Amino acid sequence: MITQIFPKDFQRYLSLPVLGPFMDSFAAWLQDRRYTWRSTRFEMRIAALVCGYLKRRGIRTVADLGEQHLQACYRLFRRKIPNEAGSVRVLETFLVEQGLLQRSAAHQPNRCDGHLNAFAAHLRNCRGYAPSTIRQQVNVAGEFLVWLNFEKESNRLSCLNMADIEGFSRQLGKRLG
């Protein structure tokens, strides 16, 4: 299949680090999902970039590859080349469907998550904040709960004092400048 997509350059894709042996299967998988010839070429090129990323991170085989590696790659691509980042998700879906990558277990919600979800809902519904602002505020609130050790001492919020808030502000100030 890959010889139809890249008639002159197919060997380069088959010899890619980590995913090279699976590139022909990836091309066939894309064709089965009705990707056009042009879209398939695009997805293959991005997969080659992902292979380079994985190689630089020390991943040598698919057995070494974890979902966290592809998530980190996705985050980097979202920052550096946002229009191509979705291709990392396409590649991840292929790897999962082929049984080459195992999805991690679903995150189990904890006590902090309930408070953070309620805070996010308040910011969205009552305050009308933008999604990026909500994410930023929820991240800071999450750091505050971790700093309070809220997961182990759930009564910490009911007995907050100024020293707690000032201590967290000092810690946050060091990081934010």
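Is Tyr13 buried or exposed? Tyr13 is buried, with a relative accessible area of 1%. This is a predicted model. The structure holds seven aromatic pairs.

- Phe6 and Tyr13 form a stacked aromatic pair.
- Their ring centres are 4.2 Å apart, with 15° between the planes.
- Phe6 is buried, at a relative accessible area of 4%.
- Arg12 lies over the face of Tyr13, 4.7 Å from the ring centre.

**Phe144 and Trp147**
- Phe144 and Trp147 form an aromatic pair that is stacked.
- The centre-to-centre distance for Phe144 and Trp147 is 6.5 Å, and the planes are 15° apart.
- Both residues lie in helix 8 (residues 131-148).
- Phe144 and Trp147 are three residues apart, about one turn of the helix.
- Phe144 has 14% relative accessibility, so it counts as buried.
- Trp147 counts as partly exposed because its relative accessibility is 31%.

**Other ring contacts**
- Phe26, Trp29 and Phe94 are linked into a cluster by ring pairs.
- Arg89 lies over the face of Tyr74, at 3.7 Å from the ring centre.

**Loop residue Ala63**
- Ala63 sits in the loop between helix 4 (37-56) and helix 5 (67-80).
- Its relative accessibility is 75%, so Ala63 counts as exposed; the cut-off is over 50%.
- Ala63 and Leu101 are 38 residues apart along the chain.
- The C-alpha atoms of Ala63 and Leu101 are separated by 8.0 Å.

Key:
Residues numbered from 1 in each chain as written. Predicted model: local features only at pLDDT ≥ 70, side-chain atom pairs only at ≥ 80, totals over all residues. Heavy atoms only, no water. Helix = DSSP H or I, 4+ residues; strand = E, 2+ residues; numbered from the N terminus. Buried < 20%, exposed > 50% of the residue type's maximum accessible area, 1.4 Å probe, protein only. Phe/Tyr/Trp six-rings, centres within 6.5 Å; stacked < 30°, edge-to-face > 60°. Lys NZ or Arg CZ within 6 Å of the ring centre and 35° of its normal.
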